[in-house]
Amino acid sequence: MPLSPFDFQQARVKQVLFKSRLRSVLYGVREAEPALFAYAENPLAQWIQTVLKPEFGALAAVRELENTLQQMLRTGQNLATRYQRGLIEEARAGLDQINDYADQIEAQLLSLEKTA
Amino acid sequence: MWVGCNADIHEQKLMVEELLEANEQQALLSDQAYEQYQRAQQQRQILLDLFADAPAMISVVRGPEHRYEFANTRFQELVGQQDVVGKTVAEVFPEIVSQGIVAQLDGVFRTGQPVMGQEQLVRLAGPDGQLRDCYFNFSYQRFEEKGRPAGITAYAHDVTELVLTRQALEQLRGRATNAPESGLAS
């Protein structure tokens, strides 16, 4: 079935959720659970696997989106590690990098949405 | 000073916590909405598949101009396999405008009163442009969206052969009744 704007809206909600969960780790609201940074358990990655790939599997843009998400998860894990080591301000400042990845993901989603 | 700073941190943490809670809830809600959407799509597909190959002509027209949104296989056969979706009834069947069919659709759309017909004569243009008599059993029913008239669903059976056969039989019977009783008079 062709993807609708509703499908892409799902992806956006999932990506905001990751940022919010990471922020909550860096502000001491939540513990940094390994699942938060595991690609296979990331809600957006699961969306790519189950919704996007069946429609767009062969497109290079899908691989690019996966790469950006993997980089965002690695950066997030790195920030959580810094926070655990007591580098709190440095870790929080690193959220800017996460926002940059989020912007990239948004642009990639938009471009995929146009081809849908 | 220190107390104020501590309060700020506490407040900041509280805001992050609230934001997280809001986003978790939104994600949950979004998953539920998506699940409902998928279920609705699947149900829609089941109905479309059922209608597509039904042994009757089924079509859906939208808006006051009666623009085709769906036409099943039998209906496509009637119009010589042309793609009617996106065209109006008057564009697909210009010959029926003067026969009052479009006015009938206008009435259904305006009043919401369904119309049912038995063996209604419609003169349709064939591929050669010649008009031929066709007879249909049909029903037109208005559907609404958000409480407003949205379009008409049409269901029709082509009973032309049945009607023509009956007419031929009636003619034969008529002839047999009117014919002089052969040979008996002499």
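1. Confidence. The predictor assigns the complex an ipTM of 0.82 and a pTM of 0.69. For chain B the mean pLDDT is 90, with 94% of its residues at 70 or more. Where pLDDT is low, the predicted coordinates should not be read in detail.

2. Make-up of the chains. Chain A contains 5 helices and 0 strands, in the order α-α-α-α-α. Chain B has 5 helices and 5 strands, arranged from the N terminus as α-β-β-α-α-α-β-β-β-α. Of the 116 residues of chain A, 29% are buried; in chain B, buried residues make up 15% of 186. Taking contacts with a separation of 6 or more, residues 24 or more positions apart supply 76% of those in chain A and 36% of those in chain B.

3. Core of chain A. The largest nonpolar core has 23 residues, and A:Leu26, A:Leu44, A:Leu69, A:Leu79 and A:Tyr83 have the most contacts inside it. Helix 1 (5-26), helix 2 (43-56), helix 3 (60-84) and helix 5 (95-115) of chain A each give two or more residues to this core. Another core, of 20 residues, lies apart from it and includes B:Met57, B:Val84, B:Phe109 and B:Ala154. In soluble globular proteins, nonpolar side chains tend to be buried together.

4. Helix 1 of chain A. The 22 residues of helix 1 of chain A should span 32 Å at 1.5 Å a residue, and the end C-alpha atoms are 32 Å apart, so the two values agree. Leaving aside residues up to four places away in sequence, A:Leu26 touches A:Leu79, A:Tyr83, A:Ala91, A:Arg92 and A:Leu95. Just after helix 1 of chain A comes A:Gly28, with a positive phi of about 70 degrees.

5. Helix 3 of chain A. Here 25 residues should span 36 Å at 1.5 Å a residue; the end C-alpha atoms of helix 3 of chain A are 36 Å apart, which agrees. Its buried residues are A:Leu65, A:Leu69, A:Met72, A:Leu73, A:Gly76, A:Leu79, A:Ala80 and A:Tyr83. An α-helix has 3.6 residues a turn, so residues three or four places apart point the same way. The buried residues of helix 3 of chain A pack against helix 1, helix 2, helix 4 (88-93) and helix 5 of chain A. After helix 3 of chain A comes A:Gly86, whose phi is positive, near 95 degrees.

6. Strand 1 of chain B. Strand 1 of chain B pairs with strand 5 (residues 148-158) of chain B in the antiparallel sense over 6 bridges, and the bridge partner of B:Val61 in strand 5 of chain B is B:Ile152. Strand 1 of chain B also runs antiparallel to strand 2 (residues 67-71) of chain B, joined by 4 bridges, with B:Ser59 opposite B:Ala71. These two strands, 1 and 2 of chain B, form a hairpin with 4 residues between them, and B:Gly63 in the turn has a positive phi of about 80 degrees.

7. Strands 3 and 4 of chain B. Strand 3 and strand 4 (residues 131-145) of chain B form an antiparallel pair over 9 bridges. B:Gly117 has B:Phe138 in strand 4 of chain B as its bridge partner. The hairpin of these strands has 5 residues between them, and B:Gly129 takes a positive phi near 90 degrees in it.

8. Most residues other than glycine have a negative phi, and most peptide bonds are trans. B:Gln81 has a positive phi, near 65 degrees, and lies in the loop between helix 2 (73-78) and helix 3 (89-92) of chain B. B:Gln81 has 9 other C-beta atoms within 10 Å and is therefore exposed. Phi of B:Glu119 is also positive, near 50 degrees, but B:Glu119 is found in strand 3 (residues 115-125) of chain B. With 14 other C-beta atoms within 10 Å, B:Glu119 is partly exposed.

9. Contact between the chains. Chain A gives 14 residues to the contact and chain B gives 14 residues. On the side of chain A that touches chain B there are 7 nonpolar, 4 polar and 3 charged residues.

Terms used. Residues numbered from 1 in each chain as written. Chains lettered and ligands numbered in written order. Core = buried A, V, L, I, M, F, W, Y, C linked by C-beta atoms within 7 Å. Buried ≥ 20, exposed ≤ 12 C-beta atoms within 10 Å, placed from the backbone. Contact = placed C-beta atoms within 7 Å. Nonpolar A, V, L, I, M, F, W, Y, C, P; charged D, E, K, R; others polar. pLDDT = per-residue confidence, 0-100. Expected span 1.5 Å × (residues − 1). Pairing = 2+ DSSP bridges.
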